[in-house]
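The sequence and the structure are shown first.

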Amino acid sequence: MSLKALRIVWRITLLNIRSSMEYRTEFLLNIAIGAIWQVSVIVFATVLLSRFTGMGGWDSSEVLLIPAIRMLAHGLMVLLLGRVHFIGRQIQEGKIDVYLLRPMPVHRQVQLAYFPTNAIGDLTVATGLMAGALGRSQLDWTAGRISYLVAAVVGGMLLEAALFTAVACAALRFPAADYWSGWLEELLGTFGSYPLNVLPRAVGGLLTYGLPLAFVAYFPAAVLTGHGHDTGIPYWLAAASPLLGVLAYLGSRLLWRWSLGKYTGVNG
Amino acid sequence: MATVPAWRAARVTPLGELHAPPRMTAVLLRLTVQVVLVASLWHGLYSRTGSTAGLDEGQAVTYAVLAVLASRIRQLDQYTGRDSVIQHMHYGTIVYWYLRPLPPQRYYALRAFGEQLYGFAWALAGYTVCLAAGVVDPPESAAVAGVFAVSLLLGQLVLYYVMLILDQLCFFTIRNNSAMLILIFAQNLLSGVYAPLWFFPDWFIRLSGFLPFQATLSVPLSIYIGRIGLADAAAQLAVQAGWVVVLALFTRWVWRQAARRVISQGG
């Protein structure tokens with residue numbers, strides 16, 4: 001992206017922020033909804049942790065690292081790439097056809113459609129949870145471990161974005177495919193926040209190879225906490241989770257480009 | 001009111017679903033996967049625990065799976081059909097609800113009835129399959145099943161009124177997506193959709209007792225699994241019925257207030 005393009009992105013983002021602040025109460029509620037949504041994940045995880053100690057052979061402080069990574073990755077995804085989540089609606093309203101006529105990449109226009117105010121709430125809660133998880137952690141946080149944690153968060157963000165981009169690609173062809181993005185978010189929130197080795201092997205395999213949500217936070221957390229050899233997949237594959245996130249996102253963007261080339265509009 | 005027009009209004013959303021086989025397939029797949037995942041999760045969690053919060057493994061799995069099935073009862077996608085109240089308010093088409101020979105509150109009730117009936121068919125089919133497959137336990141006795149059925153009906157009425165209040169909110173606020181999401185979240189959390197309320201701290205259970213949400217799902221499911229005994233069920237049914245009356249009166253009053261805010265385009 002050129003410097004001029006970056007400047008345009010920044011200016012549109014500032015305008016979007018001003019626009020979202022037009023209705024102040026809605027703006028504040030939007031922040032609240034981001035926070036509350038994340039709190040629901042914490043509530044679920046806390047309830048399970050308090051009732052079922054030693055979940056999957058992990059102690060509580062180790063388990064806490066999983067939702068912390070996932071939520072921080074999710075918050076960043078919502079902030080930077082989250083508008084892809086609502087692409088089905090934009091297709092149904094014919095907005096993609098308008099984007100195609102403008103001298104800016106369609107994907108960028110989708111991302112600049114509005115400012116995701118809820119990401120402020122998402123990130124606030126996620127940062128708090130991460131601070132709490134690191135504070136309780138018994139691990140020695142060396143430079144290498146911290147670097148891997150940062151890479152895990154970025155990789156998780158990209159992997160989640162890749163999954164939603166893939167759904168968006170399907171929605172370009174079948175607008176009703178947008179239905180799946182809601183479920184995907186629900187699955188990530190519910191099953192992405194604790195050790196998947198509590199599940200039967202077949203179900204864990206489904207969430208690893210079928211829908212790769214285990215790579216978002218579970219495997220990176222396992223590597224960080226020393227459980228990397230007990231995940232049911234080769235250690236190197238678990239350790240490569242951040243890299244897989246990058247590759248998945250690049251692949252999803254290629255898929256997006258291909259799908260957009262085939263796009264014929266809602267009316268054919 | 002004639003029965004035929006009422007039936008026609010009630011079947012609008014279910015018909016929309018029946019004419020979209022890909023969406024029905026998606027619902028079937030989603031429901032199946034969700035049931036398998038939820039059942040696996042609770043079995044896995046209980047693998048090292050005998051009983052917690054007064055629930056054993058069978059009760060917890062049954063509760064969680066029934067909660068997944070029950071959540072299908074009112075989960076139709078009105079948004080795609082552009083017939084949600086918030087969309088009508090946004091596009092100004094809400095005024096047509098007030099120009100028809102059918103009063104808006106009756107139209108809304110009929111639509112909701114059709115949706116809940118359609119969703120119930122899904123839930124019942126899912127329940128039958130789960131029961132046959134041994135995923136959920138049957139009720140302890142015919143009496144428990146009967147009380148559960150009554151409680152479920154009252155719970156659905158409470159749910160209808162809670163959802164109606166969320167929609168009625170659209171008449172009074174220009175932008176209310178976030179408020180709606182917050183209330184839907186509260187409904188899911190406090191009704192026990194995320195996890196049975198029995199797992200939560202005592203103060204949380206006490207707090208939810210003062211709100212209508214637990215009457216929608218937690219009470220009927222707790223009766224089904226035997227966490228609320230038949231001796232205590234009468235009091236719970238009375239609380240549910242009380243909420244139905246209070247919410248019915250409140251929403252009736254809000255409909256009247258809402259009608260005053262609707263103006264035809266151009267003022």
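## The helix pair

In this predicted model, helix α9 (residues 179-191) of chain A packs against helix α3 (residues 21-45) of chain B at an angle of about 5 degrees, with the two axes 11 Å apart. Axes here are lines fitted to C-alpha atoms, for helices over the stretch in contact, and angles run from 0 to 180 degrees between N-to-C directions. Because angles under 35 degrees count as roughly parallel, α9(A) and α3(B) are therefore roughly parallel to each other.

From α9(A) the contact (C-beta atoms, placed from the backbone, within 7 Å) involves A:Tyr179, A:Trp180, A:Trp183 and A:Phe191, and from α3(B) it involves B:Arg23, B:Ala26, B:Arg30 and B:Leu37. Sorted by class, this contact has 6 nonpolar, no polar and 2 charged residues, where Ala, Val, Leu, Ile, Met, Phe, Trp, Tyr, Cys and Pro count as nonpolar, Asp, Glu, Lys and Arg as charged, and the others, Gly among them, as polar.

## Helix α9 of chain A

The 13 residues of α9(A) reach 19 Å from the first C-alpha to the last, close to the 18 Å expected at 1.5 Å a residue, the expected span being 1.5 Å times one less than the number of residues. Its buried residues (20 or more other C-beta atoms within 10 Å of their own, C-beta atoms being placed from the backbone) are A:Tyr179, A:Trp180, A:Ser181, A:Leu188, A:Gly189 and A:Phe191. Their cover includes α2, α4 (87-92), α8 (143-173) and α10 (201-210) of chain A, together with α3 of chain B.

## The interface

In the interface, 26 residues of chain A are in contact with 28 residues of chain B. Both α2 (24-51) and α9 of chain A supply at least two residues each to the side of chain A that touches chain B, and α2(A) gives the most, with 13 residues. By class, that side has 21 nonpolar, 3 polar and 2 charged residues.

## Chain A as a whole

Chain A has 13 helices and 0 strands, these being DSSP runs (H or I, at least four residues, for helices; E, at least two, for strands) numbered from the N terminus. Of its 268 residues, 45% count as buried, and its C-alpha trace spans about 55 × 40 × 35 Å along the principal axes.

## Conventions

Residues are numbered from 1 along each chain as its sequence is written, and chains are lettered from A in the order in which they are written, with ligands numbered from 1 likewise. Since the model is predicted, local features need pLDDT of at least 70 and side-chain atom pairs count only at pLDDT 80 or more, whereas totals for chains, interfaces and linings use all residues.

Key:
Angles under 35 degrees count as roughly parallel, over 145 as roughly antiparallel, 65 to 115 as roughly perpendicular and the rest as oblique. Two residues are in contact if their C-beta atoms, placed from the backbone, lie within 7 Å. A residue is buried if 20 or more other C-beta atoms lie within 10 Å of its own, exposed if 12 or fewer, and partly exposed in between; C-beta atoms are placed from the backbone.
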